[in-house]
Amino acid sequence: QVHLVESGGGLVQPGGSLRLSCSASGSIFSINVMGWYRQAPGQQRELVASISRGGSTNYLDSVRGRFTISRDNAKNTVSLQMNTLKPEDTAVYYCNAELTTRFGSSWINYWGQGTQVTVSS
């Protein structure tokens with residue numbers, strides 16, 4: 001089994017910062033892409049940022065310059081540093097990993113349970 005666990009969410013004021021972390025564990029052979037998604041009430045889940053095995057990154061336009069994604073390939077972890085937070089950043093943030101298990105033959109997406117980020121004064 002593979003498990004992804006997020007941490008670091010909470011309540012912050014506009015302009016504040018939070019750092020989200022995600023740890024992947026279990027029968028993992030290799031992780032290709034890791035990323036962070038978010039979903040606000042009544043909205044579809046959207047990709048916030050992703051990072052490849054080699055460190056290539058991609059960001060949602062509205063967070064580019066404010067958020068920074070990073071990963072540690074040896075530890076199977078990914079983090080999202082969120083600065084200058086805005087009320088519209090409020091959502092449940094989900095960790096995602098595209099990976100193969102030890103005895104698998106294809107890439108599969110795994111999801112964490114999510115962590116709440118609320119930006120409000």
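**Salt bridges around one arginine**

Mentor: Arg38, at 6% relative accessibility, counts as buried, where buried means under 20% relative accessible area, exposed over 50% and partly exposed in between (1.4 Å probe, protein chains only). Please keep in mind that this is a predicted model, in which local features need pLDDT of at least 70 and side-chain atom pairs count only at pLDDT 80 or more, while totals for chains, interfaces and linings use all residues. Residues are numbered from 1 along each chain as its sequence is written, and side-chain values use heavy atoms, with hydrogens and water left out.

One partner of Arg38 in a salt bridge (a side-chain nitrogen of Lys or Arg within 4 Å of a carboxyl oxygen of Asp or Glu) is Asp89, with the closest N and O atoms 3.0 Å apart. This pair links distant parts of the chain, since Asp89 lies in the loop between β8 (77-82) and β9 (91-101) and Arg38 in strand β4, 51 residues apart; strands here are DSSP runs of E, at least two residues, and helices are runs of H or I, at least four, both numbered from the N terminus. Asp89 is buried as well, with a relative accessible area of 1%. Arg38 also meets the side chain of Glu46 in a salt bridge, at 3.0 Å from N to O, and Glu46, at 32% relative accessibility, is partly exposed.

By this rule the count comes to four salt bridges, among them one between Asp61 and Arg64 at 2.6 Å, N to O. Salt bridges that share partners join Arg38, Glu46, Arg66 and Asp89 into one network.
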